Amino acid sequence: MGITVSEIKQLLIDKEVQYLYPANTVATAISFLLKGGLISRGAMEEIHYFQTPQQSDELDKELGVYYDIFFDSDDIHARAKDLNSYGPVTFVYDIDLLDTLKDKVVKLTRDNPIRWSETTSEEERYFTELTSAKIGYHKGAFQQHLTICDMHEPLAFNPHLVRIVIDNPNIDKTEYFDKAVHAIQKLLNEKEINVPLEVRNCPEDCMCHQKYRTYKEGFVYHKFKIR
């Protein structure tokens, strides 16, 4: 039982998935850049690098997914026309990343682990057969993720990171945003990570405009702060 990495890649291609998208806060993204790749929350905790706390951390530990790296199959902010709850920085990986993961355990979730419990079975958590995945897995489904399991080392940026996108909150006070852009670009240069940093300037019908303008500064800007 189980789906191979090659089968997962072909399934995603058939579903017209071209890129994989993890999103995070600025502070967590900066820790990734310092280490040269994406890092699971468990591994980040082990090496004592800063990461913005998430409400799901304790549950993830209980469920055994604290060392997993999660990807979306679409740019959630663009698809939902709303903020990505994980943060304003989105890393964009080419799907060929999967070619480097043949020795890893890679899975597709049926639902977000926030809605699992310790008694949720493997079959309820993940697509464990290719036939059911072909039917039930959908590009851009917010609750369905590709996960790389039990990652204790960074997942390298090069050569499959295509770009990094940071939200422009488009409000009067730009101090946090300006510092975040400067810090990320500086690290890209220093670490010789040769990908563009794109600023997301959303159309007016995106709900992020209203939320960035009306949420209290502390609620929103802790996701833009460098530390």
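Let's start with Ile47. Its relative accessibility is 36%, so Ile47 counts as partly exposed. Keep in mind that this is a predicted model. Ile47 sits in helix α3, residues 41-47. Together with Leu34 and Tyr49, Ile47 forms a nonpolar surface patch, and the three share about 230 Å² of accessible area.

Next, the sheet. It is open, with three strands in the order β4-β7-β6, paired antiparallel. The edges are β4 (69-71) and β6 (106-108), each pairing on one side only. From one strand to the next, the twist averages 25 degrees. Between β4 and β7 (residues 146-148) there are three bridges. In that pairing, Phe71 stands opposite Leu146 of β7. Helix α1, residues 5-14, packs on this sheet and touches β6 and β7. The directions of α1 and β6 make about 40 degrees.

Now charges. The salt bridge count is 17. What does Lys211 pair with? Asp82, with the closest N and O atoms 2.8 Å apart. This pair links distant parts of the chain, 129 residues apart: Lys211 is in helix α9 (208-214), Asp82 in the loop between α5 and β5. Is Asp82 buried or exposed? Its relative accessibility is 13%, under the 20% cut-off, so Asp82 counts as buried. Lys211, at 22%, is partly exposed.

A local case: Lys61 and Glu58 meet at 3.3 Å, N to O. Both lie in helix α4, three residues apart, about one turn.

Last, Glu204 and Arg213 form a salt bridge at 3.7 Å. Glu204 is exposed at 55%, while Arg213 is partly exposed at 45%.

How values were computed:
Residues are numbered from 1 along each chain as its sequence is written. This is a predicted model: local features need pLDDT of at least 70, side-chain atom pairs count only at pLDDT 80 or more; totals for chains, interfaces and linings use all residues. Side-chain values use heavy atoms; hydrogens and water are left out. Two strands pair if DSSP finds at least two bridges between them. Helices (H or I, at least four residues) and strands (E, at least two) are DSSP runs, numbered from the N terminus. Axes are lines fitted to C-alpha atoms, for helices over the stretch in contact, and angles run from 0 to 180 degrees between N-to-C directions. Contact means heavy atoms within 4.5 Å. Patches are made of residues with over 30% relative accessible area and no salt bridge: like charges are joined within 9 Å, nonpolar side chains (Val, Leu, Ile, Met, Phe, Trp, Tyr) within 5 Å. Accessible areas come from the Shrake-Rupley method with a 1.4 Å probe; for residues, only the protein chains shown count as cover. A salt bridge is a side-chain nitrogen of Lys or Arg within 4 Å of a carboxyl oxygen of Asp or Glu. Buried means under 20% relative accessible area, exposed over 50%, partly exposed in between (1.4 Å probe, protein chains only).
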